[in-house]
Amino acid sequence: MTNPASDTITMFGADWCRDCIRTKKQLDELGVAYTYVDLVADPAAADIAKDISGRTNIPVVVYPDASHHVEPSNADVESKLRELSII
C-alpha cells in the first residue's frame with residue numbers, strides 16, 4: 001500500500017467498524033469515487049493511516065487537498081465534499 005493519491009479520496013477502514021460502514025455507505029450513496037483501503041486485508045496499511053492521523057481510530061478519510069478526517073460524522077464528510085466541489 002502506498003500513500004494516498006493527491007487527486008482522490010482515500011478511506012482507511014475495516015468491515016467490523018460501524019463508523020467505517022456508515023462513512024463508506026455515505027460515499028457510495030453520494031456517488032463519490034474513492035479508494036477503500038481494507039485494514040483487515042492489508043493490516044500494514046494501518047500504520048499509514050496512523051501516520052496520517054496521529055491516532056489509531058478509524059475510519060481515516062483523506063481528501064484531495066491532503067486534509068483528513070478521523071471518525072467523521074456524515075455532516076463533516078458532506079461539508080468537506082462540498083468545500084472541495086466534489087458534490
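Visitor: Is Thr23 buried or exposed?
Guide: In this predicted model, Thr23 is buried, with a relative accessible area of 1%.

Visitor: Where is Thr23 placed?
Guide: Thr23 belongs to helix α1, which covers residues 18–30.

Visitor: And which residues does Thr23 touch?
Guide: Leaving aside residues up to four places away in sequence, Thr23 touches Met11, Pro59, Val61, Pro72 and Val77.

Visitor: Turning to helix α2, which of its residues are buried?
Guide: Helix α2 takes in residues 45–53, and its buried residues are Ala45, Ile48, Ala49 and Ser53.

Visitor: What do the buried residues of α2 pack against?
Guide: They pack against four strands: β1 (9–13), β2 (34–38), β3 (60–62) and β4 (68–70).

Visitor: What is the relative accessible area of Ala45?
Guide: The value for Ala45 is 0%, and this residue is buried. Ala45 lies in helix α2.

Visitor: What separation is there between the C-alpha atoms of Ala45 and Asp28?
Guide: These C-alpha atoms are separated by 22 Å, and Ala45 and Asp28 are 17 residues apart along the chain.

Visitor: Lastly, which residue follows α2?
Guide: Gly54 follows α2, and the phi of Gly54 is positive, near 75 degrees.

Conventions:
Residues are numbered from 1 along each chain as its sequence is written. This is a predicted model: local features need pLDDT of at least 70, side-chain atom pairs count only at pLDDT 80 or more; totals for chains, interfaces and linings use all residues. Side-chain values use heavy atoms; hydrogens and water are left out. Helices (H or I, at least four residues) and strands (E, at least two) are DSSP runs, numbered from the N terminus. Buried means under 20% relative accessible area, exposed over 50%, partly exposed in between (1.4 Å probe, protein chains only). Contact means heavy atoms within 4.5 Å.
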